[in-house]
Amino acid sequence: MKLIYKVKWAIVISFAITFAASFVVLFVGAAADINKWLLATNVSLIIAQSANVIYAFRYRHKDVGIALLVCLLIGIGLMWAIYIWSWNYTVKALTVGFE
């Protein structure tokens, strides 16, 4: 878990890049496989970010832990916004795609 914590900001930046790509792919239209892979990547990065938050608070890195927690909550909120609020569109994008 310490290895994941060492790349804490790389995970945050990777999530931002992957989220931007998934937003573009989801709403511009692409194959369902690409949408599924980007969703899985976003979820795995959120899990890694959660592990970083737990590690930071467990080992008394409270200032970093709060920053990571804010980034995690923003990430979850953004994922909620594009995948849950537009659920009908998301289901179509993840099942049949737009090609």
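In which helix do Phe 15 and Phe 19 lie, and how many residues apart are they? Both are in helix H2 (residues 8-28), 4 residues apart, about one turn of the helix. Helices here are DSSP runs of H or I with at least four residues, and strands are runs of E with at least two, numbered from the N terminus.

A word on the source: this is a predicted model, in which local features need pLDDT of at least 70 and side-chain atom pairs count only at pLDDT 80 or more, while totals for chains, interfaces and linings use all residues. Residues are numbered from 1 along each chain as its sequence is written, and side-chain values use heavy atoms, leaving out hydrogens and water.

Rings of Phe, Tyr and Trp (its six-membered ring) pair if their centres lie within 6.5 Å; planes under 30 degrees apart count as stacked, over 60 as edge-to-face and the rest as tilted. This rule gives 2 aromatic pairs. The ring centres of Phe 15 and Phe 19 are 6.0 Å apart with planes at 25°, so this pair is stacked. Phe 15, at 10% relative accessibility, counts as buried, and so does Phe 19 at 12% (buried is under 20% relative accessible area, exposed over 50%, partly exposed in between, with a 1.4 Å probe and protein chains only).

Tyr 55 and Tyr 59 have ring centres 4.5 Å apart and planes at 45°, so their pair is tilted. Tyr 55 is buried at 11% relative accessibility, whereas Tyr 59 is partly exposed at 47%.

Stepping back, the chain has 5 helices and 0 strands. Of its 99 residues, 36% count as buried.
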